[in-house]
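Hello,

Here is the structure I promised to pass on. My notes follow below it.

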Amino acid sequence: MPSAPDSPEFVVEMRAIVKGFPGVLALNRVNFQLRPGEVHVLLGENGAGKSTLIKVLSGAYKADAGDILVDGVRTPIASPQDALDQGLRFIYQELSLAKNLDIARNMFLGMEPMRRGGIVDEKTLYARASEYLTRFHIDLNPAEMVSKLSVTEQKMVEIARALTTRAKVIVLDEPTDVLEDRSRKDLFAVIRQLKQEQGVAFVYISHRYAEVAEIGDRVTILRDGTNVGTYDIKDLEFNKMIELMIGGEIKKQYPDLRTPSEENALRVDGLVRGRILNGISLVVKRGEIVGVTGLMGAGKTELGRAIAGVDRFDSGQVYVQEKRIRLHSPQDGIREGIAYLPEDRKSLGLIQNHSIRENYAYPSLYRLSTLGVVNQRRLDREVADIMARLSVKAPDSLTFAMQLSGGNQQKVVVAKWLGAQCQVLIFDEPTRGIDINGKREIYGIMEELLERGVGILMLTSDYTEALEMSHRVVVMRRGAICREFARGEATESDILREAIGEMNAADHSAGAAAAVGGAA
Amino acid sequence: MQRQLREIAGPLMGLVLIWVVILALAPIARDWEAFDNVLENATGSGLFIMCCGMTIALIGNCLDLSVGSIYALVSVVVGQLLVAHVPFPLAIAIALGAGAICGIINGTIVVVTGIPTLIATLGTQMAFRGVADMWGAGVDMEQFGKSFDWFGTGLPGPLFCSVIAFGILWFILSKTRFGFQTYAQGGNEEVARLAGIPVKRNIVLIYMICGIMAGLASIVYTARVDFAYVDRGQGMELLAIAGVVIGGTSMFGGIGGVGKTVLGVMIYESIFAGLIYLHYDAFWQQVATGVVLIVAVWMDFYQRRASASRRTGVINDSKRSLWSRLRLAC
């Protein structure tokens, strides 16, 4: 049904796209239609084919079969340049701005307004940059260096840059994964404005289901490389959406937590580090999960790192099972039974080009060796056991970490720290970037750990996770603990209100309540 | 086993290819003598022993540019001691100790200042050579006697030392906790630190081992030529790096092994032998060294990029590893 090129129904249409990789059919005759001025959410578990589809559209991959229509006209896209020429813009998870340049330079990088003789016309450059920024209510000075901007602001600049070149379509790949709650609202405001005023269409890829209802108009759900349906979001229930995505009934996501023991696994007294941590005191019982949450920059990660001996602190005491410990390095932490599982799996959790076996061995080398020689038979046995126990999906233990999916990488991180046999585990954002099945498995492992009497300190910016997966929730604000909630005592908006502080909570709690409503 | 074979398939085929070319073009090389020569050159100059030390240095991401100067300095130390009639086992022990101290100095500078290893060891390269000059310039140090000279004469002595060096490094790297830790911190220093590995102490140890190996290399060569000389080992660090990297140990740390280094040094010495059998002038050797070094590092770079693109799933022919392309071409 070809429509006239001047009034196309779809700004981008992908028809029966097929793309195979050795051993897998990543996309199996996928159709995808994008209307002008809509926000179209692309949902699916890891490996469902979302990024492959986007990479076909961006020209990074060549489809094995299928057509791409832009404005109703068949348009082959063979390279990223073709996609750019068609007005398609892609904003990936990783930021891609030149940090050493200012905002205006970044926005017009490679297409600076020129005067005669190849000299950049700075006056026009800054004038046009600030014109774009004001038009989209991005309150930034175009002469500001990008290195001084927050992550949100950098995302905004990336979007503004996409617009300087008359974008028809903007593809956002998990844009809010790095953003805190408040910044998301700013980003959403810009998106809404753009679609209404400029008729820009958005493809929005996200793991956060609550967001889908908040920002999306329509949703396309992918599963195992096929399109299982495109729906108007207002017609689709949350549970139905998840069912479509995982292809079955929803199993319960969060386990029930058992009552912890009375013994303390970890006690922290008056921890101070410069202006970052102002006298933190907390207790984690054996068999207990204490969730620590708060906005980005509240000091969650810094707290975890200090307790594990990764960063030095100025004063305060740390006790493991009521024994005071001295912490000068992570080595001390591990010896005393505290492990820190970093948020950034890619660069801090695992050595990507080393095998599962080697990665597992590293924190346990002292336990695994006699007189400095590693007992490799024992190592092999332990690795095989733990891979089976955590059901790590990999051909064998010599598989490189980089060949694993996000969920399996996280399992190997956990396996590695289980091997170290620590009494206190500090999980920093344990399930960020992991799909729904992977999350459930990680939670299951945490539950199992509790039964063995381990104490868990869970640092998370996912309020639902904090509420559902911990015995107590501690909210941090500007380096201090501002409130503690018992299980079942608080809602997401309570947490948000504490995290932001009473003063400016009013305008945000409404949005948060909406998000909770979407998730319920 | 299969996997290990696949890893060294590239260098192995390169070695075979070189010999096919040599044997085809230079019939004169068609006896065991040619191969013998290669073995003798690699072991007798101490290059292989130095490469063993460089292997652990590169795996641990501790580039050492001072090994050529340590080679000169240890030559002077052992020469002075032997001329002063110190018994040769003691002289050897002290000389190795000198190599160890040089390494400890390197490691300490890197750990304390935190400056790039390239700069730190470039500095000590100058400094160690200065010390060697101070102690050894204008002094006659020769004719050390039969028992010491055994270490350098013919094939048995140098081969013995080389096997010892290989054995020690192989054991350290593949069996010990320290070896595992070396791979870890070479692969990603922060991950290693978070895993409770004493990264700083290990850096000092790694440089120390590298220094001892440079010292042992120097002892073998000093025994071989039967005199000590301060101007020895100029630019030898580059030969050592080339030998290690050609074998498949990464310049960027975390990947490699001494087994690979055996292959690398063989390839490298074979190219030299080939140039001689094919009657190229000696200065071509220098050109070849430069070219080989660049090509080896380039291939390492290539391989890294290839594995990075495997991770992202981007399948792109131009990014495929060079070795696998060579394999296809063969």
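A:V473 stands opposite A:F485 in β24(A), the strand of residues 480-486 of chain A. Six bridges join β23(A) to β24(A), and the two run antiparallel; strands count as paired if DSSP finds at least two bridges between them. Together β23(A) and β24(A) form a hairpin with two residues between them, and A:R478 in the turn has a positive phi of about 45 degrees.

With strand β15 (residues 289-294) of chain A, β23(A) runs parallel, joined by five bridges. There A:V290 stands opposite A:R472 in β23(A). Five of the six residues of β23(A) (residues 472-477) are buried, so this strand is largely enclosed by the rest of the structure; buried means that 20 or more other C-beta atoms, placed from the backbone, lie within 10 Å of a residue's own.

A word on how to read all this: the model is predicted, so local features need pLDDT of at least 70 and side-chain atom pairs count only at pLDDT 80 or more, while totals for chains, interfaces and linings use all residues. Residues are numbered from 1 along each chain as its sequence is written, with chains lettered from A and ligands numbered from 1 in the order in which they are written.

As for the interface, 23 residues of chain A are in contact with 25 residues of chain B (C-beta atoms, placed from the backbone, within 7 Å). On the side of chain A that touches chain B, α10(A) gives the most, with three residues.

Best wishes

Methods:
Contact = placed C-beta atoms within 7 Å. Helix = DSSP H or I, 4+ residues; strand = E, 2+ residues; numbered from the N terminus. Buried ≥ 20, exposed ≤ 12 C-beta atoms within 10 Å, placed from the backbone.
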